[in-house]
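Here's a quick briefing for anyone meeting this structure for the first time. Have a look at the sequence and the model, then read on.

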Amino acid sequence: MSAPRPLREQLRLPLTRDVPAGAAAFVRSDCNAYAFDALAAWPDSAGQVMAICGPAGCGKSHLAALWAERVGAIPLNGAEAALADPLELEGRPVMLDIAQDADDETLFHLINLAHQDGGALLMVSRPSPRRWAVQVPDLRSRLDAVRVVAMEAPDDAVLSAIIATRFAERSITPGEGVIDYLVKRIDRSAETVLDVVDRLDAEHRPVTRALARQVLDLSTSSSDES
């Protein structure tokens, strides 16, 4: 492994990024309870590394942000982590989102830093660290030893909460039964919810079940034609 770059060659980043607004509104349900409980009292000693994995839109970044807010962790993101100043990370918990995009040297260094007093590393990704393509043997063995907690696609309770939040962001009051109707008919991801709510909002009409059915039917027709 190559030696770490001299500090003068590293870019100093603002490492006190605000965590996403509304982190405390995370909805605990069957699909995320294991990960939620695992982070509730973590870390409970020095030198700990954990990874949260799951499909797109399952809420793993949201849960990680909640943890970062609670413990005062420094948030980093994917390949940008290579630009962080190690001196600002020493003795601090770190939350690394899109962790699989960080380079081998950065991942190795962050895992080492996690073993210092006050350190911890929470990695967030879709695939488990055991499936990441890395070239450094020592890093491979360390990633294989990481504790991994999995999250599932949103269940009805979480999906309902996501839809309600997206409506509220646009000051939309959906009609009776609209959210339940959507929960039973759309893909279970935050991205799909955002797309559907955007299309409903674009109609500039009261959001009723009839309008929801119309928008979803149009979406299905467009998919079939393509």
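## Starting at S29

S29 sits in the segment before helix 1. Keep in mind that what you're looking at is a predicted model. The protein has nine helices and five strands, and from the N terminus on they run α-β-α-β-α-β-α-β-α-β-α-α-α-α.

- Is S29 buried or exposed? With a relative accessibility of 12%, S29 counts as buried, because the cut-off for buried is under 20%.
- Its side chain makes a polar contact with the side chain of D155, at 2.6 Å.
- Leaving aside residues up to four places away in sequence, S29 touches D155, A157 and V158.

**The protein as a whole**

- Of its 226 residues, 42% count as buried.
- Take the contacts in the protein with a separation of 6 or more: residues 24 or more positions apart account for 71% of them.

**Helix 1 and its partner, helix 2**

- Helix 1 covers residues 33–40 and helix 2 covers residues 60–71; the two pack at an angle of about 10°, and their axes are 11 Å apart.
- That angle makes helix 1 roughly parallel to helix 2, because anything under 35 degrees counts as roughly parallel.
- Which residues meet here? From helix 1 come A35, F36, L39 and A40, and from helix 2 come L63, L66, W67 and R70.
- Sorted by class, this contact between helix 1 and helix 2 has seven nonpolar residues, no polar ones and one charged one.
- Within helix 1, the residues A33, A35, A38 and L39 are buried.
- The cover over those buried residues of helix 1 includes strand 1, helix 2, strand 4 and strand 5 (147–150).

**Helix 4, mostly under cover**

- Helix 4 spans residues 104–114, and eight of its eleven residues are buried, leaving the helix mostly covered.
- Those buried residues are D104, T106, L107, F108, L110, I111, L113 and A114.
- What lies over them? Among the strands, the cover includes strand 1 (48–53), strand 2 (74–77), strand 3 (93–97) and strand 4 (120–125).

**Q135, out in a loop**

- Q135 lies in the loop between strand 4 and helix 5.
- Its relative accessible area is 68%, so Q135 is exposed.
- Q135 and D103 are 32 residues apart along the chain, and their C-alpha atoms are separated by 9.8 Å.

**Salt bridges**

- How many salt bridges does a search of the whole structure find? The search turns up nine.
- As background, side chains of opposite charge can pair when their charged atoms come close.
- Another salt bridge pairs D144 with R140, where the closest N and O atoms are 3.2 Å apart.
- D144 and R140 both lie in helix 5, four residues apart, which is about one turn of the helix.
- An α-helix has 3.6 residues a turn, so residues three or four places apart point the same way.
- D144 is partly exposed, with a relative accessible area of 36%.

**A salt-bridge network**

- D201 forms a salt bridge with R170, and the closest N and O atoms are 3.8 Å apart.
- This pair links distant parts of the chain, 31 residues apart: D201 is in helix 8 (residues 190–202), while R170 is in the loop between helix 6 (156–169) and helix 7 (178–183).
- D201 is partly exposed, with a relative accessible area of 29%, and R170 is partly exposed at 24%.
- Which residues are linked in a network of salt bridges? R166, E169, R170, D198 and D201 are linked this way.

Conventions
Residues numbered from 1 in each chain as written. Predicted model: local features only at pLDDT ≥ 70, side-chain atom pairs only at ≥ 80, totals over all residues. Heavy atoms only, no water. Buried < 20%, exposed > 50% of the residue type's maximum accessible area, 1.4 Å probe, protein only. Contact = heavy atoms within 4.5 Å. Axes fitted to C-alpha atoms, helices over the stretch in contact; angles between N-to-C directions. Parallel < 35°, antiparallel > 145°, perpendicular 65-115°, else oblique. Nonpolar A, V, L, I, M, F, W, Y, C, P; charged D, E, K, R; others polar. Salt bridge = Lys/Arg side-chain N within 4 Å of Asp/Glu carboxyl O. Polar contact = N/O pair within 3.5 Å; in protein donor to acceptor, adjacent residues only side chain to side chain.
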